[in-house]
There are 2 protein chains.
Amino acid sequence: MPLTIEDLAKELGLSRSTISKALNDRPYVSHETKARVLRTAHELGYQPSAAARNLRRQRTNKIGLVVTYPIHRVSDFLAELIPGMATVAEEAEYNLILYASMVGRVERIKSLCRSREVDGIIIAWPPSLSETVALSQLLADEDMPHIFLPRRVPHEAVSYVAADHVQGARLLTQHLIALGHRRIGFERLPEVYETDDDRHEGYAQALREAGIPYDPALVVSANSQDADYERRSFDAFQALDEPPTAILFFTDPLAIRALSHAKARGIRVPQDLSLAGYDGILSTGVTEPALTTVRQSTAEMGELAAASLLKLISAGGAEPQQHILPVDLIVRGSTGLNSRA
Amino acid sequence: MPLTIEDLAKELGLSRSTISKALNDRPYVSHETKARVLRTAHELGYQPSAAARNLRRQRTNKIGLVVTYPIHRVSDFLAELIPGMATVAEEAEYNLILYASMVGRVERIKSLCRSREVDGIIIAWPPSLSETVALSQLLADEDMPHIFLPRRVPHEAVSYVAADHVQGARLLTQHLIALGHRRIGFERLPEVYETDDDRHEGYAQALREAGIPYDPALVVSANSQDADYERRSFDAFQALDEPPTAILFFTDPLAIRALSHAKARGIRVPQDLSLAGYDGILSTGVTEPALTTVRQSTAEMGELAAASLLKLISAGGAEPQQHILPVDLIVRGSTGLNSRA
DNA sequence: ACCATTTCGGAAATCGATTTCCTATATGTC
DNA sequence: GACATATAGGAAATCGATTTCCGAAATGGT
């Protein structure tokens with residue numbers, strides 16, 4: 001139904017090729033002809049068919065955001081990630097296609113490559129390291145530019161954008177040490193692989209630097225499947241001979257709930273116990289006391305991922321893009337001087 | 001580079017048409033031939049070119065989410081909206097393309113239609129009513145199925161999904177009236193048009209039902225450009241001869257900030273003053289006291305919008321889809337009995 | 001056994017652009 | 001003025017599928 005290039009050609013008494021050359025600013029079209037074509041095209045509101053153009057050009061000017069994790073579990077991050085990502089893409093005349101139901105569907109990713117419906121792929125929250133590397137290999141075999149998010153991939157050929165979680169946890173731990181804490185608990189979350197390793201490493205590193213011995217009793221693993229676990233582990237900490245005077249939580253919601261547990265048990269924060277979260281979600285600003293946390297610039301990560309992917313697309317087979325973004329320590333009221341020091 | 005249908009045909013010693021019929025489950029292919037084709041296609045990992053298929057079929061199996069509002073201003077809503085939307089689309093073998101930079105770019109929307117890169121459009125946060133209706137007319141002229149979000153469009157031919165804000169504000173106001181409040185302030189936000197009208201209407205309606213006179217002095221307009229305005233209007237309320245004993249805010253962040261102002265001035269919530277927000281963002285659960293608010297099911301709205309759009313797409317020219325979703329009153333600690341009653 | 005239908009599969013048209021190739025004219029050089 | 005080169009524009013090939021059309025073989029009815 002809409003106008004085709006053929007209609008436009010007929011209207012102007014020219015051939016399809018001339019129209020195409022004029023519209024795409026190619027040589028061998030006289031200045032006047034080109035102007036005439038452009039004017040008429042604009043008047044009639046002609047717009048080339050995306051499908052026809054994609055077929056002929058063998059590219060779509062679309063990038064895919066493939067979420068290989070239950071999407072409702074990461075929607076808060078997506079909210080920060082997507083706007084910048086889409087904006088950067090659109091500045092380069094690309095659009096973002098969302099692939100939301102991609103948990104464990106490697107076959108689907110493969111068919112995405114083969115059908116060539118996107119020119120490049122951002123893979124968000126890929127599964128374990130080994131699967132990530134395998135997936136990267138698969139995509140490379142399919143000649144599909146791609147980049148991973150939001151975890152580093154310790155492999156020289158793989159592109160990724162991540163935040164510096166070693167540094168984040170280190171900053172938090174150093175902050176607590178500076179406040180006089182020496183018994184610092186850490187609640188980790190092994191199910192997120194490298195990120196967990198990194199934060200744990202940052203924690204251990206800061207302790208090491210301060211000459212504080214690492215005590216395994218102070219490190220527990222959270223379990224997102226079992227909510228009551230949080231309460232039990234909190235109480236277990238308090239029941240230790242030498243309970244921690246400060247606790248780092250892998251993520252803000254854990255810390256926020258711990259704050260309620262503490263209050264429920266009459267433990268004052270930060271006078272009796274310092275608590276800190278991680279990620280800097282909005283809610284951390286309105287708890288009482290407000291939560292000390294580490295903020296990663298998710299928005300910047302989205303922009304950088306899109307920009308890097310576009311580079312990979314245009315520079316066919318360029319060197320991998322590997323970026324680790326700095327994080328910011330946000331000190332608020334939930335951490336204070338160690339009163340037992 | 002990837003396999004084409006021609007390669008597959010050669011491989012099997014068949015013609016393109018036969019392959020196509022087999023893969024698309026059309027008649028006039030013998031059972032064995034079809035089986036053979038399917039098996040080989042699967043073995044070789046053949047996947048039809050999306051561009052070629054789109055061109056021939058004259059549809060893309062993509063729907064567009066066009067955000068006609070600065071995207072970073074609505075990213076929290078997008079976070080709830082997108083997952084369900086994308087999931088519903090994908091269940092019907094559609095994907096979601098995001099168009100993030102569409103503020104005031106009617107021309108761009110038109111070219112989107114003409115280039116046929118999507119089969120339907122969800123328009124989020126369209127501008128004023130008149131522009132919305134004009135836009136709808138434009139899209140209809142272009143034969144582009146479309147639906148608006150998240151505000152109702154009082155026009156019989158236009159499809160939309162919205163939440164029942166009249167009811168939301170009415171529930172909140174009734175709740176406060178039931179607590180004995182009769183001086184109830186309302187901070188509205190005129191820049192969001194119908195939504196503001198609706199909530200104001202719900203507020204006025206509840207007052208009317210309770211026989212409480214509407215006092216214009218109790219209704220102020222917030223201004224998202226001027227942050228200090230909030231504080232001034234809060235103080236202005238307190239300076240009235242008969243200050244309000246409860247205040248409804250157009251949106252949660254306004255209420256949360258008002259909570260800080262109140263504390264800063266030694267006004268106790270809810271003993272001296274009840275406060276309520278609107279939207280039910282996460283932070284409202286962790287303030288102290290937690291905020292009474294109204295929750296709209298944004299996720300459900302996304303799903304419904306996608307499902308409705310798919311209906312419009314498949315039922316070419318069916319009746320418009322108009323949905324108003326119910327909202328929930330969430331009563332928490334920030335509202336209490338009127339102590340001055 | 002003969003004619004009318006189906007069934008199967010291939011040849012060719014089609015979707016709407018871009019790109020290559022070609023021809024006719026204009027321009028430039030000596 | 002003859003010849004090489006550049007320019008303008010058109011004809012046709014191409015991208016990779018789907019769909020229509022057609023002929024040959026198989027099937028069925030009498």
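Predicted model: local features only at pLDDT ≥ 70, side-chain atom pairs only at ≥ 80, totals over all residues.
1. Start with the overall tally: searching the whole structure turns up 38 salt bridges over all chains. As background, side chains of opposite charge can pair when their charged atoms come close.

2. In chain A, have a look at A:E209 and A:R170, whose side chains form a salt bridge (2.9 Å, N to O). A:E209 sits in helix α9 (residues 193-209) and A:R170 in helix α8 (residues 165-178), so this pair links parts of chain A that are 39 residues apart in sequence. A:E209 has 46% relative accessibility, so it counts as partly exposed.

3. Chain B has a salt bridge between B:E209 and B:R170, at 2.9 Å from N to O. Here B:E209 belongs to helix α9 (residues 193-210) and B:R170 to helix α8 (residues 165-178), so parts of chain B that lie 39 residues apart in sequence are tied together. B:E209 is partly exposed, with 47% relative accessibility.

4. Now for a buried pair. B:D196 makes a salt bridge with B:R188, and their closest N and O atoms are 2.9 Å apart. B:D196 counts as buried because its relative accessibility is 2%, and B:R188 is buried too, at 15%. In chain A, A:R188, A:D196 and A:D197 are joined into one network by salt bridges that share partners.

5. Finally, check the surface for a patch of positive charge, where A:R26, A:R53, A:R57 and A:R59 gather. One of these, A:R59, is in the loop between α4 (50-57) and β1 (62-67) of chain A. With 36% relative accessibility, A:R59 counts as partly exposed.

Methods. Residues numbered from 1 in each chain as written. Chains lettered and ligands numbered in written order. Heavy atoms only, no water. Patch = residues over 30% accessible without salt bridge, like charges linked within 9 Å, V, L, I, M, F, W, Y side chains within 5 Å. Areas by Shrake-Rupley, 256 points an atom, 1.4 Å probe, with all protein chains shown as cover. Salt bridge = Lys/Arg side-chain N within 4 Å of Asp/Glu carboxyl O. Lys, Arg positive; Asp, Glu negative; His and termini not counted. Charge placed at Lys NZ, Arg CZ, Asp CG, Glu CD. Helix = DSSP H or I, 4+ residues; strand = E, 2+ residues; numbered from the N terminus. Buried < 20%, exposed > 50% of the residue type's maximum accessible area, 1.4 Å probe, protein only.
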